[in-house]
Amino acid sequence: MSEGQKFQLGTIGALSLSVVSSVSIVICNKALISTLGFTFATTLTSWHLLVTFCSLHVALWMKMFEHKPFDPRAVMGFGILNGISIGLLNLSLGFNSVGFYQMTKLAIIPCTVLLETLFFRKKFSRKIQFSLTILLLGVGIATVTDLQLNMLGSVLSLLAVITTCVAQIMTNTIQKKFKVSSTQLLYQSCPYQAITLFVTGPFLDGLLTNQNVFAFKYTSQVVFFIVLSCLISVSVNFSTFLVIGKTSPVTYQVLGHLKTCLVLAFGYVLLKDPFNWRNILGIMVAVIGMVVYSYFCSVETQQKASETATQLPQMKESEKDPLIAVENGSGVLSDGGGGVQKTAAPVWNSNKDFQA
């Protein structure tokens with residue numbers, strides 16, 4: 001099996017794990033929050049991260065992956081930023097209507113595209129932009145209901161979108177810059193995320209629910225669903241870093257909207273949630289957008305791979321043959337008056353010759 005085929009299988013596996021684990025944890029948390037009345041989402045997320053870190057520590061002790069320390073300031077900043085983005089998303093949901101919160105989540109994709117275009121010079125083809133538009137339209141039809149605006153909620157939503165986009169771009173950038181795996185990055189950043197939410201969680205949850213998480217009555221059923229939610233979260237957190245590392249922040253957001261549609265469908269089938277023609281139409285349009293996006297991404301990836309494969313032999317040949325190096329690199333210079341021609345040393349432009 002070639003390296004390309006292994007990478008594709010790994011990517012498909014990461015995407016599948018992300019979908020299954022995310023849909024599972026949403027159903028579990030919905031039972032915990034809606035049925036059992038445990039509404040402390042931020043505190044629950046901090047417990048998720050603590051359990052994830054403990055699980056990874058055991059995996060490290062069993063030598064299932066190698067610990068690879070790198071820039072501690074980057075790890076700390078990344079972990080704290082991730083924790084802040086989760087807290088802001090929860091606050092956005094608490095101070096806005098459900099419809100406006102869904103619009104906030106939809107805004108993450110165009111914001112990510114804008115940031116990557118401005119700061120990383122990444123180009124998105126018209127086909128990719130078209131498929132993203134179809135996807136966002138479908139998710140909007142399926143999920144957005146009312147749009148009640150207020151100043152505080154709007155500011156919190158804006159901050160949530162920006163921090164989430166930056167955190168997800170950093171996930172991809174850090175893995176590639178420091179050559180660390182998703183597991184290594186998650187293991188090192190988890191404590192900072194967990195501490196940030198563990199400290200602020202009870203305060204935020206109290207602000208949103210007017211209840212004290214420590215005064216809640218923890219029945220055996222509540223404890224069971226909390227433990228189950230924490231165990232599933234290990235897979236959710238791991239798959240999140242894995243997907244962003246193997247693909248891109250935009251692809252991860254596209255996958256997130258697909259999971260939203262699946263949650264709506266599972267909620268109707270398993271939990272008998274209310275469903276109407278808008279939900280059905282929106283899910284169908286969103287799935288079409290997802291399929292089109294995946295197709296165009298696959299085509300463009302194959303084109304880039306074939307271009308790279310054809311460029312490498314030419315570059316190696318040009319390094320061996322000085323005449324080719326002259327033609328490709330610099331040309332011929334005159335000595336200024338003696339009529340003798342001199343060949344200049346080849347000047348390579350890495351941005352031009354190695355551009356993917």
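**Legends to close-up views of the predicted model**

View 1. Over residues 222-244 the chain is 100% helix and 0% strand, with the end C-alpha atoms 32 Å apart; helices (H or I, at least four residues) and strands (E, at least two) are DSSP runs, numbered from the N terminus. Residues 74-93 are likewise 100% helix and 0% strand, and here the end C-alpha atoms lie 29 Å apart. Residues are numbered from 1 along each chain as its sequence is written, and side-chain values use heavy atoms, with hydrogens and water left out.

**View 2. Gln188 is shown in helix 7 (residues 182-209).** Gln188 counts as buried because its relative accessibility is 11%, where buried means under 20% relative accessible area, exposed over 50%, and partly exposed in between (1.4 Å probe, protein chains only). Residues up to four places away in sequence aside, Gln188 touches His67, Lys68, Pro69, Phe70 and Val75, a contact being heavy atoms within 4.5 Å.

**View 3. Leu135 is shown within the largest nonpolar core.** Such a core is a set of buried Ala, Val, Leu, Ile, Met, Phe, Trp, Tyr and Cys residues joined through side-chain atoms within 4.5 Å. The largest has 27 residues, of which Leu132, Leu135, Val250 and Val254 touch the most other members. Helices 1, 4, 5, 8, 9 and 10 each supply at least two residues of this core, and helix 9 gives the most, with 6 residues. Neighbours within four places in sequence aside, Leu135 is in contact with Ile109, Val254, His257, Ala286, Gly289 and Met290. Another core, of 17 residues, lies apart from the largest one and includes Leu60, Val75, Leu197 and Phe241.

**View 4. Met64 is shown in the loop between helix 2 (41-61) and helix 3 (72-95).** With a relative accessible area of 61%, Met64 is exposed. Together with Val58, Trp61 and Met62, Met64 forms a nonpolar surface patch of about 530 Å² of accessible area, as given by the Shrake-Rupley method with a 1.4 Å probe, with only the protein chains shown counting as cover for residues. Patches are made of residues with over 30% relative accessible area and no salt bridge, like charges being joined within 9 Å and nonpolar side chains (Val, Leu, Ile, Met, Phe, Trp, Tyr) within 5 Å; a salt bridge is a side-chain nitrogen of Lys or Arg within 4 Å of a carboxyl oxygen of Asp or Glu.

Conventions. This is a predicted model: local features need pLDDT of at least 70, side-chain atom pairs count only at pLDDT 80 or more; totals for chains, interfaces and linings use all residues.
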